[in-house]
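Okay, thanks everyone, let's get going.

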Amino acid sequence: MRGRQTVRDMVLSMVAIGAVVGVIYLFLPNDEDADPVKAVDYGVELVTAQRAAPYPVVAPEGLPASWKATSVSYKGFEANAWHLGFLDPDREYVAVEQSTEAKGKFIPKVTHRAEDTGKTQKVNGETWQLWKGEKYDALVREEKGVTTVVTGTAAPERLTQMAEALESKPEPRPSRA
């Protein structure tokens, strides 16, 4: 008899737990139309990176609101790596990557092994190299010990739009009162 009570108690417990879960599911808001990708505010990380990085850190200025920042990081301990990820208006990924790491390691890592096409493109008077890959395409610019890469799954026009929007601001300095 004792074995039947144990099984019966377990079944009753599972029914009680299922009922509680069902009530919670029914009464908590579930907006299935809501965008599952949350936008991030990268302002604090940008200022931190601008203060810490040994190069002018870039970020977009003036992009339409339809571009959504989704990820940001600065890793001073990993070759001063700056990362800023976006979803473009077509919901494709675009990332801005900067680092002092050797370009032979850095570019393949952030572009998922894209390769240099040997072609260049002028963006805001600067020459960028065009890279193509199976997963990501990229625009690459090297200068003064830093490599800047605009990469992602987005169309080449969107990568160019991001590169056009990139600006670096001087490192914020505390004022002397």
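Before the first stop, a word on patches: I build them from residues with over 30% relative accessible area and no salt bridge, joining like charges within 9 Å and nonpolar side chains (Val, Leu, Ile, Met, Phe, Trp, Tyr) within 5 Å. Accessible areas are Shrake-Rupley with a 1.4 Å probe, and for residues only the protein chains shown count as cover. A salt bridge, for today, is a side-chain nitrogen of Lys or Arg within 4 Å of a carboxyl oxygen of Asp or Glu.

Also, please keep in mind that this is a predicted model, where local features need pLDDT of at least 70 and side-chain atom pairs count only at pLDDT 80 or more, while totals for chains, interfaces and linings use all residues. Numbering runs from 1 along each chain as its sequence is written, and side-chain values use heavy atoms, leaving out hydrogens and water.

The order along the sequence goes α-α-β-β-β-β-α-β-β-β-β-α-β. Of the 177 residues, 32% are buried, where buried is under 20% relative accessible area, exposed is over 50%, and partly exposed is in between (1.4 Å probe, protein chains only). The chain exposes about 11,500 Å², with carbon and sulfur atoms supplying 55% of that.

Now that patch. Which residues form it? Met 10, Met 14, Ile 17 and Val 21 make a nonpolar patch on the surface, about 430 Å² of accessible area together. Met 14 sits in helix H1, residues 2–27, and counts as exposed because its relative accessibility is 56%.

Next, helix H3, residues 103–111. Its buried residues are Phe 106, Ile 107, Val 110 and Thr 111. They sit on the same side of H3, because they cover an arc of only 100° around the axis, taking the directions from the axis to the C-beta atoms. Over on the other side of H3, Gly 104 and Lys 105 are exposed.

So what do the buried residues of H3 pack against? Strands E4 (93–99), E6 (126–132), E7 (137–143) and E8 (146–152), with contact meaning heavy atoms within 4.5 Å. Look at Thr 147, in strand E8: its relative accessibility is 5%, so Thr 147 counts as buried. Leaving out residues up to four places away in sequence, Thr 147 touches, among others, Phe 106, Ile 107, Val 140 and Glu 97. And just after H3, His 112 takes a positive phi of about 55°.

Last stop, charges. Side chains of opposite charge can pair when their charged atoms come close. The structure holds eight salt bridges. One of them joins Asp 88 and Arg 158, at 3.8 Å, N to O. That pair links distant parts of the chain, 70 residues apart: Asp 88 is in the loop between strand E3 (81–87) and E4, and Arg 158 is in helix H4, residues 156–165. Asp 88 is buried, at 2% relative accessibility. Salt bridges with shared partners also bring Asp 90 into one network with Asp 88 and Arg 158.

Arg 8 is exposed at 52%, whereas Asp 9 is partly exposed at 38%. Okay, over to you for questions.

Note on methods
Helix = DSSP H or I, 4+ residues; strand = E, 2+ residues; numbered from the N terminus.
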